[in-house]
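Please keep the sequence and the 3D view at hand while reading.

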Amino acid sequence: LQVFTGFNASNDGVTVGNATGDINITLAGGSGTKFAFLEGSSGNFGIGTATPQKKLHIEGPGGASASQLLVTGASDTVGSTAGILLRAESGEDNSALRAKGGIFFERTAANGLGKLHFANNGSNNNDSATLANSRITILSDGKVGIGTTTPRSKFQVGASATIGSGF
């Protein structure tokens, strides 16, 4: 089954299936350029690639400042966060998320300035990682804190051990 969005022969549109009988789904536009692809036999999903190597494979332009993924929060106010949760177990029947690791960006000032947090929830329960579980924090001025979310020097461990400007 092929559904075309225009009157061209460049395979723009939606394609379901392929010659081998796999149920692949391809979204293409701009002279057949594939921009999303679900590979039926593996379940791998590709954005910007027709050969996804993992469950989610995002491929985009290269370069020093190139990025292929943008995660945003629903609010643009100070204190809002955007994050990614990590879990090293499969889905649960009881709907417990239990994502014990997380990477969060917390907005602390105007123009999107903020702190980058690496969180690890060590509780043996169904809770997921939150900002309260931050173990490493990087401030917008480059200060790094381990065990503190408000480092006062270039590198601070806990409340008292610091490495000053010579670091």
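The model is predicted, so local features need pLDDT of at least 70 and side-chain atom pairs count only at pLDDT 80 or more, while totals for chains, interfaces and linings use all residues. Residues are numbered from 1 along each chain as its sequence is written, and side-chain values use heavy atoms, with hydrogens and water left out. The chain has 0 helices and 13 strands. Helices (H or I, at least four residues) and strands (E, at least two) are DSSP runs numbered from the N terminus.

**Chain and confidence**

- Of the 167 residues in the chain, 24% are buried; buried means under 20% relative accessible area, exposed over 50%, and partly exposed in between (1.4 Å probe, protein chains only).
- The chain exposes about 10700 Å², and carbon and sulfur atoms supply 57% of that area. Accessible areas come from the Shrake-Rupley method with a 1.4 Å probe, and for residues only the protein chains shown count as cover.
- Among contacts in the chain with a separation of 6 or more, 14% are between residues 24 or more positions apart; a contact means heavy atoms within 4.5 Å.
- The average pLDDT is 80, and 72% of the residues score at least 70; pLDDT is the predictor's confidence in each residue, from 0 to 100.
- Residues 1-7 have pLDDT under 50 throughout, and the model gives them 13 contacts beyond four places in sequence. Where pLDDT is low, the predicted coordinates should not be read in detail.

**Nonpolar surface patch**

- L69, V71, I84, L86, I103, F118, I136, I146 and V157 make a nonpolar surface patch of about 670 Å².
- Patches are made of residues with over 30% relative accessible area and no salt bridge; like charges are joined within 9 Å, and nonpolar side chains (Val, Leu, Ile, Met, Phe, Trp, Tyr) within 5 Å.
- I103 belongs to strand β8 (residues 101-107), and this residue counts as partly exposed because its relative accessibility is 31%.
- Beyond four places in sequence, I103 contacts A82, G83, I84, L116, H117 and F118. I103 and G83 are 20 residues apart along the chain, with their C-alpha atoms separated by 5.5 Å.

- Strand β9 (residues 114-120) pairs with strand β10 (residues 134-138) in the antiparallel sense over 4 bridges, and F118 stands opposite I136 in β10. Two strands pair if DSSP finds at least two bridges between them.
- β10 and strand β11 (residues 144-146) run antiparallel and are joined by 3 bridges; here I136 stands opposite I146 in β11.
- The hairpin of β10 and β11 has 5 residues between the strands, and G142 takes a positive phi near 95 degrees there.

**Salt bridge**

- The structure holds 1 salt bridge, in which the side chains of K143 and D141 meet at 3.5 Å, N to O.
- A salt bridge is a side-chain nitrogen of Lys or Arg within 4 Å of a carboxyl oxygen of Asp or Glu.
- K143 is partly exposed, with a relative accessible area of 25%, and D141 is partly exposed at 44% relative accessibility.

**A buried histidine**

- H57 lies in strand β6 (residues 56-58) and counts as buried because its relative accessible area is 18%.
- Leaving aside neighbours within four places in sequence, H57 contacts F45, G46, I47, T49, T51 and P52.
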